[in-house]
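Subject: Structure for your review

Dear colleague,

Please find the structure below, together with its sequence. My notes on what was found in it follow directly after.

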Amino acid sequence: MATAKKSSARKSASKRVAKPRVKKSAPVLDEGPPAEPGTTSLVIVESPAKAKTIGKYLGRGYRVKATIGHVRDLPEKKIGIDIENGFEPEYVTIPGKEKTVAELKSAARGVREILLATDPDREGEAIAWHVAGQISRRNGPPVRRVLFHEITKDAVQSAISRAGMIDERKVDAQQARRVLDRLVGYKASPVLWKTVKKGISAGRVQTVALRLLVEREREINAFRAVEYWTVEALLAKDGQEFVAKLHHIDSKKAVIPNEDAAGKIVADLALRETFGITDVKRRERRKNAAPPFTTSTVQQEAAKKLGYGSKRTMRLAQDLYEGIELGSEGAVGLITYMRTDSTRISETSASQARDYVGTLFGKEFVSPSVQLFGDGKARNTQDAHEAVRPTDPTRRPDSIQRFLKPEQFRLYELIWKRFIASQMAPARFDTTTVDFDLSVPADTGLPPLPYLFRSTGSVMKFQGYLALYREAREEGDGHGRPLEEEQALPSMDVGENVPVRRITPSQHFTEPPPRYSEASLVKELERLGIGRPSTYASIISTLVDRRYAQLEQRRFFPTELGDQVERVMVKSFPDIFNVQFTSHMESDLDRIEEGQVNWRKMLTEFYGPFAASLKDADMEALIAEAHDLSALETERCPLDGGKLVARGGFFGPFIACENHPKLCKYTRPLRGDRKPAQLTDQICHECGGP
Ligand SMILES: [Zn+2]
């Protein structure tokens, strides 16, 4: 298998011999006679913490070195892509990394073999490839790629025994992503400088995420609250109070538009001292535990439960993955790799969790069958991974709390509980629906009324997984209360008359859709297929870092700048900055990784329409999109009376005389950025103001 792969790599290398990438930086794999074998192996990882944990497991005969992230990248000061020549990237050593590269080179001399053990995803593969390109020599020690998804003694040792080759397709997917982002950043940002503000930048995926925020804001602004009323009856049986809601009027869903309508209903009911029960439905409902965490769900849940931003969650998860010093036990990787879109778990970890649940809670709390959460056909290729779970399910959070920082502890506890709960039995509820149909003639002598009141209740019969873990909820997470929070009902039978204590009408208004939170934005990015486990956190933090959006009370508000950037980018590149296209690009990147798409071909297909939109950009129209230019219509040039127009300059948009620059010199900066927020005729339902 490895031999076959090697020879095909050699064949394609000789075919593409004109391509500079192959000559310049492709790793020279172990061809030719080996050098004098040394006595130690060099292991290369990307972080010092990971180096430390791994070093402890490998012991003598291994030296572990850290690259501290990427060592090679596109140059900072120019685009660094030869667009005409197959989008050939021109990689340089990242400024400040020269010393690291030199150290790695010298450490590689005379070793038995070089093991590249960077993270098991695209970025990790690319780091390994770049490092190999720098340190491998013909006739030098063999270079191998090592993949592990958790940093534990067993996982590391078995990964080393299965060392393989660098996955060139993964590297290609990473290069394609890097080149795409660079092309967009380099070519689209100048459009923003000329039309909005000098120095700001456009991101390929961030712009689409920004678009979601801005469009939501527009929906909220356009939203008209509609008044409606509800009528509730407070009933009591055997001293237990409960609520029934007016559900139907004339056998149709109750619609009560205003106070008069509500008042009429209340008046109709004035003489009713009891409601007769006309129907009782009971059934058992089960609620299953959620699957273990993926990157997206751990970010969502940590945002809701712990108030952590995505970036913070990922940083803490990385600490836990790379290894924490546990006293005399030394450094241990506490969770599996945190960038994953898989909920799959290993059988070993599942059975460990089940044993543990049995001991801790009792047999009846263990889920009836083993849950491995393999979702069959994976949605994309990052699904070679497992879910984010504790590496050792028996390592209880409280048993290691003293070794963790409080914020690390809270995240570990969340991951641990979610995982253990996923092997626990469903919670069981008795749910009851009781109808009080007042159109059914009652023996009270009162005339029938066209109203049906309904009361629903649920009682937990068995806690199941809820004994350990409850999913968090926030505004916008769907309707209705979770079963465990519903009211309990007294036991009731058809034909009984239940005393009415009070009838309460209440006024409501329909609500606009909520602004995105970090949790709901991550969820939406995942649902739309834009972004990937490795990018959710940076997409979100970039929006805030660039001041295109700000978080207030954990909700995203696009800023005026963000709004301008969105308008200009969507108008200039309607085919690029849309959800469908971006999601298509993301899946093309996955397909490059699967070997189904050629990365240069994918870039060519992207670049054609992109370059066409660039050429078509009408600066004046774009400036008008971002700024309010209505005042210019009545104003004239103070020098020669010419009309005033907006122009895009290298230092930002400006106002100039129509005769500029040939006949007139008049220019001034464009200020007063955008149209002031317009008052709508919408009434605030908090204060009643406009
Ligand atoms: Zn003029």
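Helix H19 holds both Phe 606 and Phe 610, which lie four residues apart, about one turn of the helix. Both Phe 606 and Phe 610 are buried. Please note that this is a predicted model. Ring pairs join Phe 606 and Phe 610 to Phe 87, Phe 573, Phe 577, Phe 581 and Tyr 607 in a cluster.

In total, the structure contains 13 aromatic pairs. One of them is formed by Tyr 356 and Trp 416, an edge-to-face pair with 5.8 Å centre to centre and 80° between the planes. Tyr 356 belongs to helix H12 (residues 347–361) and Trp 416 to helix H14, so this pair ties together parts that are 60 residues apart in sequence. With a relative accessible area of 14%, Tyr 356 is buried; Trp 416 is buried as well, at 3%. Phe 606 and Phe 610, by contrast, form a stacked pair, with 5.1 Å centre to centre and 25° between the planes.

Helix H14 (residues 406–421) is also the place of Gln 408. Because its relative accessibility is 5%, Gln 408 counts as buried. The side chain of Gln 408 makes a polar contact of 3.2 Å with the side chain of Asp 319. Leaving aside residues up to four places away in sequence, Gln 408 touches Leu 316, Asp 319, Leu 320 and Ile 324.

Turning to the metal site, the zinc ion is coordinated by Cys 637 (SG), Asp 640 (OD), Cys 657 (SG) and Cys 664 (SG), at 2.2 to 2.3 Å. The four donor atoms subtend angles of 87 to 128° around the zinc ion, which makes the arrangement tetrahedral. The spacing of the donor residues in sequence is C-x2-D-x16-C-x6-C. Cys 637 lies in the loop between helix H20 (619–626) and strand E21 (644–649), and Cys 657 in strand E22 (residues 652–657), so the pair ties together parts that are 20 residues apart in sequence. Cys 637 and Cys 657 are both buried.

Asp 618 is located in the loop between helix H19 (599–616) and H20. Its relative accessible area is 44%, so Asp 618 is partly exposed. A polar atom of the Asp 618 side chain lies 3.2 Å from the backbone nitrogen of Glu 620.

Finally, the domain assignment gives domain 1 (2–166), domain 2 (177–223 + 514–616), domain 3 (227–288 + 427–509), domain 4 (295–421) and domain 5 (623–690). Taken over C-alpha atoms, the centres of domain 2 and domain 3 are separated by 46 Å.

With kind regards

Methods
Residues numbered from 1 in each chain as written. Predicted model: local features only at pLDDT ≥ 70, side-chain atom pairs only at ≥ 80, totals over all residues. Heavy atoms only, no water. Donors = N, O, S within 2.8 Å, 3.2 Å for Na, K, Ca; no water. Tetrahedral: all angles 85-135°; square planar, octahedral: opposite > 155°, others 65-115°. Helix = DSSP H or I, 4+ residues; strand = E, 2+ residues; numbered from the N terminus. Buried < 20%, exposed > 50% of the residue type's maximum accessible area, 1.4 Å probe, protein only. Polar contact = N/O pair within 3.5 Å; in protein donor to acceptor, adjacent residues only side chain to side chain. Contact = heavy atoms within 4.5 Å. Domains from an automatic or database assignment. Phe/Tyr/Trp six-rings, centres within 6.5 Å; stacked < 30°, edge-to-face > 60°.
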